[in-house]
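We'll take one feature at a time, with the general idea and then the case at hand.

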Amino acid sequence: MKTGKAVRPYRGVYADAAYWRTLNPKQRMLHVAEALSRRHPEWVFAGLTAAAAMNLDYTWSLLNDDRIYVASGAEGRGYTRSEVTTIFVASGETCMTRYVVDGAEVTVRTTTPARTLVDCALRYPFRLVLGMFDSAFCRKIADEESVLGECDRVRADCGPVFRLLHYTDARSENGGESLCRATLIDEGFAVPELQREFVDPANAWNVRRVDFVWHTADGRTIVLEYDGTRKYVDPVMTNRRDIQRVVAEEKSRDDMLLRAGVATVVHVTYDDVVNRGALWGKLTDAGVPQTGPIPFYERG
């Protein structure tokens, strides 16, 4: 460590410094959890640590929280070491969760998916957790009944959990789309329809599935496409096409949607969603319905 060849992310846990620098925050958390599980096989990882091990979708801003979360049991046993944060769990139900570290599959003990969702819902904001719920429900590792069952065991106001259950949609394809949807809900816009397909009237074989759709009271159809910034810079996402071609293909898709009856196509990026103001401005300019004066759009 003195020469800079090694790092110590937690007490008694060491890694090669060069290798550590290649890891993103989530990978670092999973490495530390795996190392701690070998030292303390009785530990049950909880909260964000369990969510990472289960590979639930969540926004990267949560990765600033690099603490390790461990469940303390109903008998009152906790862990006081500075490297972990404890979460009280009344139920003794746990599960074995597998993930890959440096090419090798490892297994750690975690809280159940339902309990993990509840703990994260009570600790973090709605817009940062909706992706966890969407992905867990999509993968069928949790459902509304199991989550509500965990709420019965929690000595806390589960209002945030109920709100997340209200808006959870297993059709969401990734964490970025979930973050976008959660943000527009927080900003007071109507809940959109997800993954709607449009058929080109000039070519029935040309079908385009879009991220979000609204139908307004005056008969207009508005489409919102969430475009991650990687779309224009990552060779994997562009299939090594140049930016001009990617932009031209996007315009071609938009033209097809207009032919299919869409009135407006809105494109937003991750930066728009994070900054909120840009997202709000684009949706307002497009005339996307808002839930305040039009409660009909609030899904019941």
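**Reading the model, feature by feature**

A: Buried means under 20% relative accessible area, exposed means over 50%, and partly exposed is in between (1.4 Å probe, protein chains only). Asp119 sits in helix H4. Leaving aside neighbours within four places in sequence, Asp119 is in contact with Gly47, Ile87 and Val89, where contact means heavy atoms within 4.5 Å.

Q: What kind of model is this, and how are the residues numbered?

A: This is a predicted model, where local features need pLDDT of at least 70, side-chain atom pairs count only at pLDDT 80 or more, and totals for chains, interfaces and linings use all residues. Residues are numbered from 1 along each chain as its sequence is written, and side-chain values use heavy atoms, with hydrogens and water left out.

Q: What pLDDT does the protein average?

A: pLDDT is the predictor's confidence in each residue, from 0 to 100. The protein averages 85, and 86% of the residues score at least 70. Residues 230-241 have a pLDDT below 50, with 17 contacts in the model beyond near neighbours in sequence. Residues 74-78 also stay under 50, and the model gives them 5 contacts beyond four places in sequence.

Q: How many helices and strands are there?

A: Helices (H or I, at least four residues) and strands (E, at least two) are DSSP runs, numbered from the N terminus. The protein comes to 12 helices and 10 strands. Of its 300 residues, 48% count as buried. Among contacts between residues at least 6 apart in sequence, 58% join residues at least 24 apart.

Q: Which residues of helix H6 are buried?

A: General idea first: an α-helix has 3.6 residues a turn, so residues three or four places apart point the same way. In H6 (residues 144-151), the buried residues are Val147, Glu150 and Cys151. They span an arc of only 110° around the axis, which puts them on the same side of H6; the arc is that of the directions from the helix axis to the C-beta atoms. Their packing partners are helix H4 (113-123), helix H5 (126-138) and helix H7 (159-167).

Q: At what angle do H4 and H6 pack?

A: Two packed helices are described by the angle between their axes and the distance between the axes. Axes are lines fitted to C-alpha atoms, for helices over the stretch in contact, and angles run from 0 to 180 degrees between N-to-C directions. For H4 and H6 the angle is about 60°, with the axes 8 Å apart. The two helices are therefore oblique to each other: angles under 35 degrees count as roughly parallel, over 145 as roughly antiparallel, 65 to 115 as roughly perpendicular and the rest as oblique. Ala114, Arg115, Leu117 and Val118 of H4 make the contact with Ser146, Val147, Glu150 and Cys151 of H6.

Q: And how do the axes of H4 and H5 cross?

A: Those axes come within 9 Å and cross at roughly 165°, which makes H4 roughly antiparallel to H5. On the H4 side, Leu117, Cys120 and Ala121 meet Val129, Met132, Phe133, Ala136 and Phe137 in H5.

Q: Which residues have a positive phi without being glycine?

A: Most residues other than glycine have a negative phi, and most peptide bonds are trans. Here, Asn55 has a phi near 60°, and Gln195 has one of about 55°. Asn55 lies in the loop between helix H3 (47-53) and strand S3 (68-72), and counts as partly exposed at 48% relative accessibility. Gln195 is in strand S7 (residues 193-200) and is buried, at 14%.

Q: Is Val288 buried or exposed?

A: Buried, at 5% relative accessibility. Val288 is in the segment after helix H12 (277-286). Not counting residues up to four places away in sequence, Val288 touches Phe189, Trp214, Ile222 and Leu283. Its C-alpha atom is 7.4 Å from that of Ala190, 98 residues apart along the chain.

Q: What does Gly287 touch?

A: Leaving out residues up to four places away in sequence, Gly287 touches Thr216, Arg220 and Ile222. Gly287 also lies in the segment after H12, and is partly exposed, with a relative accessible area of 31%.
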